[in-house]
Amino acid sequence: MMNFCKNVFIILLVIMAYSCKKEDKPAPYKPRFVVEGWIEKDDYPYVIVTHNLPFFTAIDSAQLAEVVIRYAKVTVSDGTETEVLTGVTDKRYFPYFLYRGTSLKGATGGNYKLTVEYAGNTLEAETSIPKVTPLESVWFVSKPENKVQLNVRFKDEAADKNYYRLYTKLEKAKVFTPTLLSNQNDQYFNGKELQLQVNRGPENNLTSKHDPYFMKGDTVMVKFSGIPQSGFEFWNSLQDEVLNGSNPLVGSTKALKTNIKGPGVGIWCGYASTIYRVIAQ
Amino acid sequence: MSKPFLVLLLLLLGFNGLAQKVLLEGIVLADSSRKAISGARVYSKSGQEQTLTDQNGYFKMLLDKGKTGLRISHMSYVELRPELLLRKDHHQTFYLKTNTQFLNEVQISAERGILKSNLNNYHLLKAGDLEKAPAFLGVHDLIKTIQTLPGIGNGGEGNAGLFVRGSSSGQNLVLFNHSVVYNPSHLLGFFSVFNSNAVEQVRFYKSGIPSEYGGRLSAVIDIKSNSEVADSLRLEAELSVLAASLNLKVPITKNWSFSTAMRKTFMNHSVWPIVNRLGNRDESSNRMSYDFYDLNFSSALSLTKKDRLFASLYMGGDDFGFDIRRFQINNGMDWQNSAASINWNRMVSNQVVLDNTLSYSGYRFKFGMQQEGFKAGVQSAIRDFTYQSAIQVYLEQHQLKAGINLSQHKFKPNTPFARNGLTDFDYGIPNTYFADEAALFLSDDYRFSERLSIYAGLRLTYYRHTGPYRITNKDGGISYFPRSKTLNDELFLEPSFTARYHLNKQTALKFAYSRNVQTIHLIPVTASNFPSDFWMPSISGVPPEKGNQYSFGIFKEWADAGYEGYIDLYARDAENAIEFSGGIMNLFDNLKIEDHIYLGKGKSYGAEFFLKKKKGKFTGYLSYTLSRSERTFAEINEGRAFPFKYDRTHDLSLVSDYRLSPRWNLSALFTLATGNAYTKPVSRYLIAGNVVNEYGAYNDSRMPLYHRLDLSAGYQFNTGKYKSSLSLSVYNVYNKKNPMFNYYMARGSLSSGRVSVQEKSIALLPILPAINYKVVFK
């Protein structure tokens, strides 16, 4: 028996030694550009260009200042007019530098091509602005502690393929924040009237502190946008990552959708928005 | 030495010394019920020859001519010592009396030799074996015990799957009294759906799958209840911090009895409040709730001396809740397994046994999610009917088995539903698939000589996906196929071969090969093998999975010293392995599953080591597996091979039991395994104020090493009419946090220029002590 055990032990050692051999793996981090661009109906195009970061556990202000790409050539074309956007400082949107137009404006049914050229790289994307769908009604429902919940109702147009995105902000806030489940696809309610109980979403995924309700007396801005399919897919995949990345029942190891062609990720999206100002009561 | 030469040498060695021997064939039956006794040990008088009876009570043995004696023993029966006068080959039936002392005798000796079961490619587990390892929270469990054997990985904490030799949990065939059980686990893998009080024995095959089993690539877990007619009333009640159970056996007539085993947990009133309170420290905390029940009914009827009927019914259900509080999201899952079968076993003659079974399996699953007025979910359902008929014929050196198997499946893998406020979302017609299978099988277990025996079997299966079936075309139109229409079919052969060669009485070599085809697939959806992984049949675009397995091992007993052990090497390959390209959220769409799966190849190999001590006060076993399992998919990692999620480089289990006194016993279980492979972020980017992860190569990172120690102590009270026992157990003694899931949470603010990313782990179970009280009336 001892002999047998000794032999087993030797076989084990040999196999263990073999199994410890490591193979070379390709470098994991791939540098890429990140594009976030939008063109609203009756407004100029805006484009933010940054690059991605390796996975450090902490990001400091120096790294954050460095992500922005300041000297790209950013062009938007509607097929007839082509405009090169100008880099400007904008305090509303991180990283506080973006490219914006001054001539070309978005219009319902328009198609817009974005080109970003930088250091020999070219990124391209196309989007369109769908029809405006108005909200039929906006109201509040009382909740405990002097709070109210926003409710909205709208009618989907049966003849069109529609995607929607809903935002809110307090009047004094700089930017709109998407609601908790902010994206809708009319595939499942085509031609019907849809009524939504709206919860405010967190400003971004760096915080989980958010109040789903408004206080009585708040002045609330509600923005309701029609978006194209590529925009819906991107925003829905971002929402999935934010809401479900920490859920073991669901998990997320999915790359976000993108409509950027070339060495980049992100979104170039047209919006047909209507903004409503309401007093919470 | 070259391989062919070695084989030849082994064959030559095999043909020796058959002179002056006669063949004795026998059937061992219970005296009262006439039920076949399997696993009875038959010894020749000299002790030179010994064997075990098979499931039909059959055995055969070569004995010297002339007057001889036998010893037939089984733990539940009084030992029989018949005297025989053998002039020529002989056939006889032996009857054993039930051992009424048995119930008072808790010691269940390690009886079955490794040379019998493992050479037939299975591990045999009996009810008594389950009690030798510490129970999780006081409950002994079958699947947990199987996980301690070599080559069988557990999926890590909170994972219900059994991962046999580097394959997925959906590649195991789990049969409970002949019915397929699709989801054999109650949630989180802590309990299987099999109440150990309703289990008599389990055969666990991981290589050389016999031809009577079909439909899965990897392993077979064949679980049987006691089908014997009970001869006396017996009532057992059990209570632990988790669950209460009640078991009853009632004889109605001398030939007819029924039994029930019922179990219900009340963890929502015991465990979860504590776990939730402990975990409630920060904003990212979650809330869990979970309970289950199961019911077993069975009835045994001895129609004549030769005909036995056994009917069995299983029903079980689970209800799980998981709330992510920071988003006010409530997740819920509930599912039910059901299985029913009726089996007629007829002993046509002493050499021929006919076995017929009609069975039903059902499985339902529902996953729901609610965020205030928004509700969404997905349901899944399976229904099977199966008929199997097999005939077993015992000839001198042959044991033949042949039969047919007919089954019909109905699957509704993903039926979504959603409601937002007052509006129900319209998902159109749910995916429904009908499929059926017809199989013929034939096998022979041929004993060439005392040293060499060979098993060869073949299974021929015709599979088809039939109507009624509706499919939405690319242009939005719907095509309908009626019931008579075959959409997709396939005919395939599955050979199985095992050669056993005894080097001497206590040492044997075994080579096994089998090729298997799997026509229904378990599509993995969640990050951690929750029951939401759903089943669907092969259809056009989702072909059957096919695999080959080779294994070669040496098996040894040191009967006097009371040890046994083996080393088994294996290699397997598989084609059409499946990975799902979406998450569970995609199931909320009424998607065509075939458009969202990747097909690839799998490959695994490894070495298994097992050493068991069977005698003495101190018993136990050590099992260790060194292995690799990898997959190659054109669409994943640019076609490079990546480790299977449950690849276990090392997997070690140590199970021990110490009998301190006739009343006290102590047991321990230590387990250690390489962590799961998972996909980790390698970079990130900023968009719309969010920090977004970019994930690296698929399954390129590892969870930390999993290890855990469980201890338990049991005490037997013995007070006349009824018996009772008390057990104390501690799960995860040194409170190791074994994470089941990692995620990454960014915190800080972009405007202030400080952002940190924390790696967060979800580990479910801290140290958990438990107490369990059991009482038996008879």
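Visitor: Over the face of which residue does A:K161 lie, and at what distance from the ring centre?

Guide: A:K161 lies over the face of A:Y163, at 4.9 Å from the ring centre. A charge sits over a ring if NZ of Lys or CZ of Arg is within 6 Å of the ring centre and within 35 degrees of the ring normal. Before going on, note that this is a predicted model, in which local features need pLDDT of at least 70 and side-chain atom pairs count only at pLDDT 80 or more, while totals for chains, interfaces and linings use all residues. Residues are numbered from 1 along each chain as its sequence is written, chains are lettered from A and ligands numbered from 1 in the order in which they are written, and side-chain values use heavy atoms, with hydrogens and water left out.

Chain B has an arrangement of this kind too: the charged end of B:R71 sits over the ring of B:Y43, 4.2 Å from its centre.

Back in chain A, one aromatic cluster is formed by A:F154, A:Y164, A:F189 and A:F224. Rings of Phe, Tyr and Trp (its six-membered ring) pair if their centres lie within 6.5 Å; planes under 30 degrees apart count as stacked, over 60 as edge-to-face and the rest as tilted. By this rule there are 41 aromatic pairs over all chains. In one of them, the ring centres of B:Y58 and B:Y394 are 3.4 Å apart and the planes are at 25°, so the pair is stacked. B:Y58 has a relative accessible area of 3% and B:Y394 one of 0%, so both are buried (under 20% relative accessible area; exposed is over 50% and partly exposed in between, with a 1.4 Å probe and protein chains only). Another pair, B:F618 and B:Y658, has ring centres 6.4 Å apart and planes at 50°, so it is tilted. B:F618 counts as partly exposed at 43% relative accessibility, as does B:Y658 at 33%.

Next come the strands of chain A. Eight of them form an open sheet with mixed pairing, in the order β7-β8-β2-β1-β18-β17-β13-β14; two strands pair if DSSP finds at least two bridges between them. β7 (86-89) and β14 (177-185) of chain A stand at the edges with a single partner strand each, so one side of each has no neighbour in the sheet. On average, neighbouring strands of this sheet are turned by 30° against each other, direction ignored. Within the sheet, β2 (residues 45-51) and β8 (residues 97-100) of chain A are antiparallel and share two bridges, with A:V47 opposite A:Y99. Helix α3 (residues 229-244) of chain A lies across β13 (163-170), β14, β17 (219-227) and β18 (264-279) of chain A, running at about 125° to β14(A). Such angles run from 0 to 180 degrees between N-to-C directions, and axes are lines fitted to C-alpha atoms, for helices over the stretch in contact.

In chain B, β23 (residues 374-394) and β24 (residues 398-420) pair in the antiparallel sense over 20 bridges, and a hairpin joins them through three residues. In this pairing B:K375 stands opposite B:R419. β24(B) also runs antiparallel to β26 (residues 433-447) of chain B, with 14 bridges.

Leaving aside neighbours within four places in sequence, B:F191 is in contact (heavy atoms within 4.5 Å) with residues including B:F136, B:L242, B:M267 and B:F292. B:T265, in strand β18 (residues 256-265) of chain B, is buried at 2% relative accessible area. Not counting residues up to four places away in sequence, B:T265 touches B:L242, B:A243, B:D291 and B:F292.

Conventions:
Helix = DSSP H or I, 4+ residues; strand = E, 2+ residues; numbered from the N terminus.
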